[in-house]
Each structure stands twice: as structure tokens, then as C-alpha cells.
Amino acid sequence: MEKTDISYSLKNVPLPSKNAYINALVPKVTSFIQRLRWRAHFFIQNRKRKRLTNNDTESDSEEENESSKETFGFNTSKSAPPIPALSNFENDLYNTISNLKFNNQKKPFQIQLQKDVDTINKSTKAFTLADKTNNVYTVSAQTYKQLLDNNITAHYKKDHDNTEAKINKEAKHICEKLDISDRVQRIPKKEAFVTIKDHKANFKNNTKCRLINPTKSEIGKISKQKLQAITRELKIKLNLNQWINTSDVLEWFKSLKNKRLLSFLTFDVVEFYPSISESLFIDALDFAATHVHITDFDREIFMNARASILYSRGETWIKRSGLLDTTMGAYDGAETCEIIGLFMLNKLKEKYPDLNIGLYRDDGLAAHRRIPGPELDRMRKGIEKLFKDHGLSITIETGLKQVDFLDINLNLQTEKYKPYKKPNNSLSYINIDSNHPPNITKSIPKIINQRLNNLSCTKDDFDHAKPEYEEALRQSGYKENSKLTFCNTPENKKKKQRKRKITWFNPPFAANLSTDIGRKFINLIEKHFPKKNPLSKIINKHTVKISYSCMPNMRAIILKHNNKLLQDNDKPKKSGCNCRKQACPLQENCLAENLVYEAALRHDGKTVKYYGSTCTTFKTRWRNHTASFRNAKKANDTTLAAYVWENGLQGSPNVTWRIVGQRKPVAPNGECGVCLLEKTTIMKNNGPGTLNVRGEIFRRCPHRDKNSIHRC
């Protein structure tokens, strides 16, 4: 195990190549056009309804036409109908993204990033992230697999009962009751990985890891919203101190009276997430149900969201202790911890009413007046037993006058507070030359300055802490803006703005992109939707806005590289040929799947091309094409078939087929590699000799529905 030379923040983003940028841009454009079409569709339908009912006095708000059905944020799987009034705008947007220009200017930091990316991609070793520091270590692929397997087998066993299908079936029942089964996807298969606990002593010889299971059911999105409502109501009714950030802790500390007469008691729940058992979760729900209305159906949602499975190299694993698990990164993981935290806080409040206690996730802090030593020791043991009775283990300290809690130091003797940073955690920020939108990089010094002010009670505390932060800023390239200044006046809160429904366009940012895509987009909105346009009420510069997204950062690049190493590359792609009576249409490869193909039609001395895709075997798709050449009823199935019939070539036209590329279908993140390759291929080959229409890049992926929960 060797430590790498990567000393910068893994949040830094390298400059993308043209192909990488186009691959990231196309899904964003498709998503935006789909949302814009739906919005225009509902608006037009609403206007028609009003005209039919002669109700001209009603407002034209597009909000009225939206369905009142609760969808919990899940988008429809249906493709929006084309809107003729948007066609000119869509054509101009297509022309804009098809003619992007890039420059080759690279700053020294970007050159370094590119070298590191090349090193990572070419390496046969795994780049393993540290658990609580910014360090990165390289290990052989075999060692990494061994570390992963050891951590999996310690708590998991192989699934032989098709548990995944059972969980999906229960999720389908839930979604059907909510009438959203066509919107929710089945459990996505995401590879588990490990991070190294390099803060442990002798970690190189005795490597301890944290197992990360990124697989999470989409039912967790529903559970998250319901648990949020429950915990919000519980906090108000029971007046419990459950903090969500450092500001809440500071407000609590400032509210303490006669601080010099108080002492701190602090505790930490050991491995909180993995320790949440089914019985503890049920006890917490039963407690909440005595104060807040929770239906049996809500419980069914919560329990299904907790059912967890783990994927690793094509195998499915389940926990030895049972299906219920709270994985790190689960949609409702934080909310699950909060409801259990409220349950434990209430128990502590009932048993120890003299404790002014609060909790942030797995970290607890209490203040109390002087308690004699023997009684304080009994209290410590009582708190430990209380948590142990519910399957939780804690470390606890008592009789403290100052504590380091989260990222702040609280002192009862001086009645002051100041910033705190773990000794082994080095500061690193996004470099000023990182491929981030300028508004992000420009705001980093301001954010750090404001944060440090919020955590500093006095100017002396601020001045004592700031040198390390200023040095980190200078190391990240913020030389001109690295000076931090103390300001004890609170920041003016922004005025509450009127809520407006906004449709966002989120193209990825690229500093090496010469085309000002943001300005061109705004100009297109102003050009195609002036005030006289009927759609200008819902499509204007106030209701349609642009906000740049980011390309993959170094951490994402490392995880992608590790996933490639974990895959069994010796498994051949499904291909081959079973043609017997006729020549193979695809050079002995007609059984290939998940591909984009080119059909070159030759006639009258010219050649036209058509690009298509299939997630089944090419031969199945080819048969559909040949049937459309012979059957007049299928003449409009594809633009290729329409061209054949329009030019009198029906029957057996002279078509040559070839594979453009093979990709994976719908990925766990929702992107379809096959559709993306098809769209980018159409864009690159757009010309008079191509039969595909531009609107094809705006359509929603037809393969995504195959993973929908209603197909279970």
C-alpha cells in the first residue's frame, strides 16, 4: 500500500474532452426539452379548457393544469408530446449544441490534473480513498478485491433466496397504491467499495476499512419525505434539542445561563448506522406514533426502504443480522437516524431531567450543574446501559469544562467558542483553476471567511485560526483573495423573494469551451418567446433559467476506475451468429446486443445513412426493419422505412449494416449508454445524407421503462 502524490482536493474537476462534454451535455438537453414540453403542453391544455367553458376570468397560471397527484418528486416515464410552438426554438438549440467550439488553453493545475487522470486510467492498481482524510492510496487489484471481500463476508452472506425480487415486489405493491409504479425504478445494482481508515494506528500492516454500500431503493425517497414530516412535528411537540448543523449547537450554547457553573457531558454512538436494528427502528416508530399519526401503510414504506442488499462483482449479498439496514448514503438515512435520535433523546430527558441535552446524528452533548462524582459516575453508567439496552454502544466523557464538538470548541469557563479542526485533517479547497463555474470558485474565499466568522466568538479567536485557512487558500490558487477579515456584524439576510415556477437548463460547465452557451441560450429564449408569443407567460427569462452543472470530479474518476478493475473482463460480450439459410447481415455478429448500428442504403448512385439502436439482439431489430420494407402498413415505423417506400425501393433494398458501438443499457444513475451513443452519433453525422431527424435527441430513453417497478 502506497500513498499517492494527490495532495489537492478530490472535488477538483479536470477539463473535459469534446466527446466527454457532448456526452454529458446531451442528457441535460434532453431532460430540459422534455420538461419544457410538458410545461407547455399543460399550459396549452389549460387554455383550451378555459375557452371551452368560456371562463375567461380565471388566471392563466400553468400551475392549475398540473395533476394534483402526489408523485414524491418522481418524473413521469412518458415522453412529452412534441409542441409545434417549440420547434423553432428546439432547432436553434440543436444547432447551438451541434456547433460548439473548444480551445486548447490549459493552465498548469489543469495539466497536472490531466496527468493524474491519465495515470489513474492506465494504472492496473486500485486507488483507494481514505475514510476521514483527503489521502489516496494505491493497492493492487487483487489486494483491493481481498479487502472488499473480507469486509463483505464479515457482515454479509450470499443471497440464495432471490431477495431482490421479493423487495421489488413489495415496492411494486407500495407504488401501485400511490399510483406511481410507472415512475419508480427497481433497485439499481451499484458496486460496493471500501475506504481505508488511515487514522487508525498501524493501518498499513493491519488495514481497517469502511464498507460502503451505494445500492439504495427508490422507495427511500418516499420514506425520506414522510420521516421528515414526522421528525419536524416531534421536535416541536416534545421540544427536543436535535441539531442539524453547527449553527444550532451555537444557538444552544449561547442560550445557556451561568455557564461557569456548568459542566459538559459528551458521548458518541459507535457505528451508529450499522447498529440500527429492526427492533430499535420499530421502537422509535412506536414512540413517534404516540405523538404523531403514522399509518400502517407508512410503516410498510419505511420497512421496505430499510430492506438492503449489496452487490459486488455480479453477486448479491444480504446482511447476516437481517434485511433491515441503514446504509451510508441512503435516501432516508439521515431521517432514520433523526427519528431514532429523538427516541433516545426523549428517553434521556425522562430519566435525567436535569440534563440539558442535544444530539447531532451520532454525537451527543449535554450541560448540567455540578453533580457529585459518585452520582455523575452512576449517571454515566446509566446512560451507557440505556443505549446498550437498545443495541447501541457509546463512548462517554463527563465533567468537562470545554469540548470539541463537530467543528467548534465550546468553553464554559471563558463562555466563548472558537473553530476546531481534527488534527489529522488537512485543509484543501477547490483550486481556482478547477473546471468549476466561476461563480463557485469566486465565492469560496467569501464562504470560508463567513464560516470562520460564524465559528469565532472574538477577533482573537478568528486571528488565531485564520493562518491555516489562508495558507490553504493560497495553496489552492486564491492568492489575491486569501486574506480573511473579522466582521462581528451578522450578514444581512436576503429579502424573501416571490416563489416562481422555474424550468432550469443545467448544461455542464467547461472552461475550455469557447462557445458562450449560456448567453446563446438566453438569446434564444428572448428571440423565440417575445411578449406577443402565447407561451411567453411561462417561457421567459424569469421562468426559464440556466445554471451550470459540473463534470465528474477526481473522486468520481477514481471510483469509476476501481469499478472497471472489479469487473470480470474475461466474460465475452453476447455476440456471434446463428444464420443458416442466408448470409449474415452483420458480418457474423448478428446476435450482438446493446448496440448502435448504421444502415447505409445505396440507390441511384448515392448513399443515405440511418442510425438506430437496440437493447435486444441486432437480428431481432433487423427483422423488424426488413418487415417494414415489405409491409406497407409498417412504412412509417422508421424514417428509413419511410424513405424506402417514398423512393419505390420496397422489398429488398440494398442496405449494408454495421455496428457503430456497444454500450451498457440503463445504468444505475438512470443514464442509458445505448441511447446516449445513438444521440451523439446522430449529432456528429447530421447532414443531407442522414435520414435521422433532429428531434430524436430530444426524446426520452425508451429502454428506461424496462427497469420500472411495475414490470416486476
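Where does glutamine 587 lie? Glutamine 587 is in the loop between helix H16 (554-566) and strand E19 (593-603); helices (H or I, at least four residues) and strands (E, at least two) are DSSP runs, numbered from the N terminus. The structure is a predicted model, in which local features need pLDDT of at least 70 and side-chain atom pairs count only at pLDDT 80 or more, while totals for chains, interfaces and linings use all residues. Residues are numbered from 1 along each chain as its sequence is written, and side-chain values use heavy atoms, with hydrogens and water left out.

Glutamine 587 has a positive phi of about 50° although it is not a glycine. With a relative accessible area of 54%, glutamine 587 is exposed (buried means under 20% relative accessible area, exposed over 50%, partly exposed in between, with a 1.4 Å probe and protein chains only). Asparagine 239, also not a glycine, has a positive phi near 55°. Asparagine 239 is placed in the loop between helix H6 (219-238) and strand E7 (241-242) and is exposed, at 60%.

Rings of Phe, Tyr and Trp (its six-membered ring) pair if their centres lie within 6.5 Å; planes under 30 degrees apart count as stacked, over 60 as edge-to-face and the rest as tilted. By this rule there are 21 aromatic pairs. Tyrosine 21 and phenylalanine 102 form an edge-to-face pair, 5.7 Å centre to centre with 75° between the planes. This pair links distant parts of the chain, 81 residues apart. Tyrosine 21 is buried, at 0% relative accessibility, whereas phenylalanine 102 is partly exposed, at 23%.
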